[in-house]
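Please consult the sequence and the coordinates alongside the text.

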Amino acid sequence: MQSHLSAWLIKHELVHRSLGFDYQGIETLQIKPEDWDSLAVISYVYGYNYLRSQCAYDVAPGGFLASVYHLTRIQYGVDQPEEVCIKVFVPRKNPRIPSVFWVWRSADFQERESYDMLGISYDNHPRLKRILMPESWIGWPLRKDYITPNLYEIQDAH
């Protein structure tokens, strides 16, 4: 079983990898960072006209970072719109992904938050700067290898 988008990508020989389905039957596809900008445009043209959410997470300490996109096909008169989840994995050293701001404007604050918390740089984003933390903040707070500056834990407190 595969989503309509996945079948279309296979038919047109566009590289992706299926990561399976979630509990609601929504397929998750893995896309390479260098292919994401063109596949984002293809997804929009194919009908995925709504970016429901974008988020990011640290896969494992010292491992990859992931940027996740939940896309929906909004159509008049359709009660159960088709959805797909796209994951783009990047190395934690110089994590760069093409921004989809120019495809879905709703990615603006969401990509900025992912940048602010995990340090993923979204190429061609018009306002990529910190949105939650002060500009002077050092580091990326949601990375698993992040050490909070000036944090002193009480040892052996009684």
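The model is predicted, so local features need pLDDT of at least 70 and side-chain atom pairs count only at pLDDT 80 or more, while totals for chains, interfaces and linings use all residues. Residues are numbered from 1 along each chain as its sequence is written, and side-chain values use heavy atoms, with hydrogens and water left out.

**Helix α2**

Helices (H or I, at least four residues) and strands (E, at least two) are DSSP runs, numbered from the N terminus. Helix α2 comprises 14 residues, 33-46, and its first and last C-alpha atoms are 20 Å apart, close to the 20 Å expected (1.5 Å times one less than the number of residues). A kink of about 30 degrees is centred on Leu 39; the bend is the angle between axes fitted to the seven residues ending there and the seven starting there. Leu 39 is also among the buried residues of α2, with Pro 33, Trp 36, Ala 40 and Ser 43 (buried: under 20% relative accessible area; exposed: over 50%; partly exposed: in between; 1.4 Å probe, protein chains only). Just after the helix, Gly 47 has a positive phi of about 125 degrees.

**Salt bridges**

The structure contains seven salt bridges, each a side-chain nitrogen of Lys or Arg within 4 Å of a carboxyl oxygen of Asp or Glu.

| Pair | N to O distance |
|---|---|
| Arg 52 and Glu 83 | 1.7 Å |
| Glu 82 and Arg 73 | 3.4 Å |
| Asp 116 and Arg 130 | 2.5 Å |

Arg 52 lies in strand β3 and Glu 83 in strand β5, so this pair ties together parts 31 residues apart in sequence. Arg 52 is partly exposed at 41% relative accessible area, as is Glu 83 at 23%. Both Glu 82 and Arg 73 are buried, and Asp 116 and Arg 130 are likewise buried. A network of salt bridges links Asp 58, Arg 92 and Asp 145.
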